[in-house]
Amino acid sequence: MSDDRRLWKIVLVGDGAVGKTSLRKQYLGQGFDTDYLSTMGADFALHDTTIENTQIRWQIWDLAGQPVFKDVVRAYYTKIFGGVLVYDVTRRQTFENVEKWLNDMWSHSGREKNVPVVLIANKIDLREEGAESVSSDEGKALAEKVGVFFLETSAKSGDGVDAAFAKLGNLILQYTS
Ligand code: G3D
Ligand code: MG
């Protein structure tokens with residue numbers, strides 16, 4: 001690792017089973033480098049990439065389950081550069097919890113201003129017309145209201161996944177420069 005490679009800690013947040021771990025695996029591919037910190041209930045993976053000619057190393061934190069201790073949550077969010085906030089378009093409750101996750105992340109990040117966040121509508125391969133499914137327009141409207149970027153993905157097919165991490169990288173570059 002060259003000394004000028006930037007290390008960016010980011011977190012994956014959102015309700016259980018929305019697809020956080022699947023998105024991470026889809027982005028990193030097989031054989032990704034991972035460290036399991038089972039006692040903390042979280043693990044992280046490292047991934048080197050280039051964003052706008054800048055070499056960066058992602059440190060992607062992924063909560064294994066619901067954190068029991070406040071200290072765990074604080075350690076998880078401290079000094080993040082950004083976040084990927086995920087909901088499941090087939091389960092409206094996961095969409096309704098988005099603002100709660102966003103406020104938790106922002107209030108615990110220890111940063112002076114809100115860190116960049118990409119809001120992800122995941123499982124679009126399963127979306128059906130109907131009241132239970134969350135539409136694109138609803139996702140866009142919420143993202144606009146809270147001031148984050150919006151993207152749709154399928155962690156199953158891979159659609160949108162690389163774009164989501166690339167977008168977050170662009171936003172972090174703007175934030176840090
Ligand atoms: P989490 O880490 O947020 O808890 P997971 O979520 O990544 O563990 O995913 C929960 C379940 O949803 C998994 O199913 C996973 O395969 C599925 N899933 C995640 N993303 C998608 C998607 O985009 N499309 C579809 N069709 N399924 C998805 P299982 O059955 O393995 O528990
Ligand atoms: Mg998971």
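A: R92 has a relative accessibility of 18%, so it counts as buried; here buried means under 20% relative accessible area, exposed means over 50%, and partly exposed is in between (1.4 Å probe, protein chains only). This is a predicted model, in which local features need pLDDT of at least 70 and side-chain atom pairs count only at pLDDT 80 or more, while totals for chains, interfaces and linings use all residues. Residues are numbered from 1 along each chain as its sequence is written, chains are lettered from A and ligands numbered from 1 in the order in which they are written, and side-chain values use heavy atoms, with hydrogens and water left out.

R92 sits in helix α3; helices (H or I, at least four residues) and strands (E, at least two) are DSSP runs, numbered from the N terminus. Skip the residues up to four places away in sequence, and R92 touches A131, E132, S133, V134 and E138, a contact being heavy atoms within 4.5 Å.

Leaving out neighbours within four places in sequence, L85 is in contact with V13, G14, V98, W101, L102, M105, V117, V118, L119 and I120. L85 also belongs to the largest nonpolar core, which has 30 residues; Y77, L85, Y87, M105 and L119 touch the most other members. Such a core is a set of buried Ala, Val, Leu, Ile, Met, Phe, Trp, Tyr and Cys residues joined through side-chain atoms within 4.5 Å. At least two residues each come from β1 (6-13), β3 (42-51), β4 (54-63), α2 (70-77), β5 (82-88), α4 (98-108), β6 (117-122) and α5 (136-146). With 5 residues, α4 has the largest share. A separate core of 25 residues lies apart from this one, with I10, I120, I172 and L173 among its members. In soluble globular proteins, nonpolar side chains tend to be buried together.

Now the strands. β1 has 6 of its 8 residues buried, so the rest of the structure largely encloses it. β1 runs parallel to β4 over 7 bridges and parallel to β5 over 4 bridges; two strands pair if DSSP finds at least two bridges between them. On the β4 side, V11 has W61 as its bridge partner, and K9 stands opposite Q59. On the β5 side, I10 stands opposite G82. β4 is mostly covered, with 9 of its 10 residues buried, and β4 is joined to the antiparallel β3 by 10 bridges. T49 has I56 as its bridge partner there. The two strands form a hairpin with 2 residues between them, and E52 in the turn has a positive phi of about 45 degrees.

Then there's ligand 1, surrounded by 15 residues, of which A17, K20, S22, D125 and A155 are the closest; a residue is taken as near a molecule if one of its heavy atoms lies within 4 Å of it. Helix α1 (residues 20-28) gives the most to this shell, 3 residues. An oxygen atom of ligand 1 lies 2.7 Å from a backbone N or O atom of A17, and an oxygen atom of the ligand is 2.6 Å from a side-chain N or O atom of S22. A nitrogen atom of ligand 1 lies 3.1 Å from a polar side-chain atom of N122. On its own, ligand 1 exposes 650 Å², and the protein buries 60% of that; areas come from the Shrake-Rupley method with a 1.4 Å probe, and for residues only the protein chains shown count as cover.

Zooming out, the protein has 6 helices and 7 strands. Of its 177 residues, 47% count as buried. Among contacts with a separation of 6 or more, 71% are between residues 24 or more positions apart.

Technical notes
A polar contact is a pair of N or O atoms within 3.5 Å; within protein, one must be able to donate a hydrogen and the other to accept it, and residues adjacent in sequence count only if both atoms are side-chain atoms.
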